[in-house]
Amino acid sequence: MSRARAYTNIALVKYWGKRDPQQMLPFNSSLSLTLDQFYTETSVTFVDDVADQFYLDGEVQPVSAKITHVIDLVRAQSGLQKAALIRSDNHVPNAAGLASSASAFAALALAASTAAGLKLSRRELSILARHGSGSASRSIYGGFVVWHAGQDDQSSFAEPAIANTEQVDFPIAILAVLVDQSQKKVSSSAGMAASVATSPFYPVWARTAEAAIPKMTAAIAAKAVDKIGALAETNAMQMHATTLSADPPFTYFEPETLQIWEKAREIRRKGLNCYVTLDAGPNPKLICQLQDVEKIIHEFQKEFPNLTFTSCRPGPGAYLVNE
Ligand code: ADP
Ligand code: DP6
Ligand code: CO
């Protein structure tokens, strides 16, 4: 049996749209920060059984097509012809759209490949995880990570965005704000497919996001948290514009999402760096300077006393956990 842990990541330049849904190739490259607070642990054992089995948080669940796809790739690569017994635990606020698929499929890729006797490189793990969920290709690594869109299966992988780091000493904090715990109505896969198929803005989105990658990389290299935040906020809103411009239009925003964004802009006018990004869900993540965390939480709690904040720092790449 092999057990692996992987952490979620927050995209600073988003992946939103598949050029090739079969091979899980994206239209544009993306760039993220792996976080140290939310993670998935998954163990995989290959057994003599008729079918794969999946337990999530202790309860038996249907084996999703995405899980089967990853396990089939592991069986094909290793030659093993056994069934997988998979036990997974999500240490993320339950189903709150905090990128559970990223930590889930990064952990599954590492646990399943190891259990099958494969010794994959980080790049090979990133490609395997990508087949389960695109954002999972990035959670194989810690710190700031870029997923190169690539041309084909082998050239579409993630790697550290800047050399030799998990950036534990980087002066950045991500405050995850929980406004809504409920499961999202439109999955990431379905949402991005709708944007690709129906938003007339989609081609402009993909071009603009690709062009944001070198800008974000430069801001990270300069440790310019304000610049990182400003670029991330612009990119996030450009992504969400492809949902509002879809036909029929849809949005992941809740009223609180806009209130929090407005509050962040107000805090900026007071001279503090506080920027907003959000993935395919209503829960904003605030990007700020490490030294400003307490002040920013205080500012928010004056107006929103019931909100909970989880303060995140750069987290590690996926690793094997010993029982
Ligand atoms: P999120 O924002 O949480 O990543 P997605 O729509 O991208 O939302 O993906 C959610 C899907 O990820 C769920 O439908 C579920 O099938 C899958 N998932 C979540 N946690 C796990 C896990 N630990 N193992 C396998 N699949 C998981
Ligand atoms: C908005 O990786 O969850 O979080 O590849 O279909 O599983 P699938 O989608 P997923 O999409 C993530 C979308 C996003 C942006 C990002 O993480 O880059
Ligand atoms: Co996801």
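## Legends to the close-up views

**View 1. Helix H1 and helix H2 pass each other in a right-handed crossing.** In this predicted model, the contact draws on Ile-67, Val-70, Ile-71 and Val-74 from H1, and on Phe-105, Leu-108, Ala-109, Ala-112 and Ser-113 from H2. Sorted by class, the residues where H1 meets H2 comprise 8 nonpolar residues and 1 polar residue, with no charged residues among them.

**View 2. The axes of H1 and H2 come within 10 Å of each other.** Helix H1 covers residues 65–78 and helix H2 covers residues 100–115, and their axes cross at roughly 30°. Because angles under 35 degrees count as roughly parallel, this crossing makes H1 roughly parallel to H2.

**View 3. The protein as a whole contains 8 helices and 14 strands.** Its radius of gyration is 19 Å, close to the 20 Å that the globule rule gives for 323 residues, and the protein is therefore as compact as a globular protein of that length. Taken along the principal axes, the box that the C-alpha atoms of the protein fill is roughly 60 × 45 × 40 Å.

View 4. Of the 323 residues of the protein, 48% count as buried.

Conventions
Residues are numbered from 1 along each chain as its sequence is written. Chains are lettered from A and ligands numbered from 1 in the order in which they are written. This is a predicted model: local features need pLDDT of at least 70, side-chain atom pairs count only at pLDDT 80 or more; totals for chains, interfaces and linings use all residues. Helices (H or I, at least four residues) and strands (E, at least two) are DSSP runs, numbered from the N terminus. The radius of gyration is taken over C-alpha atoms; the globule rule is 2.2 Å times the number of residues to the power 0.38. A residue is buried if 20 or more other C-beta atoms lie within 10 Å of its own, exposed if 12 or fewer, and partly exposed in between; C-beta atoms are placed from the backbone. Axes are lines fitted to C-alpha atoms, for helices over the stretch in contact, and angles run from 0 to 180 degrees between N-to-C directions. Angles under 35 degrees count as roughly parallel, over 145 as roughly antiparallel, 65 to 115 as roughly perpendicular and the rest as oblique. A crossing is left-handed if the near helix is turned anticlockwise from the far one by less than a right angle, and right-handed if clockwise. Two residues are in contact if their C-beta atoms, placed from the backbone, lie within 7 Å. Ala, Val, Leu, Ile, Met, Phe, Trp, Tyr, Cys and Pro count as nonpolar, Asp, Glu, Lys and Arg as charged, and the others, Gly among them, as polar.
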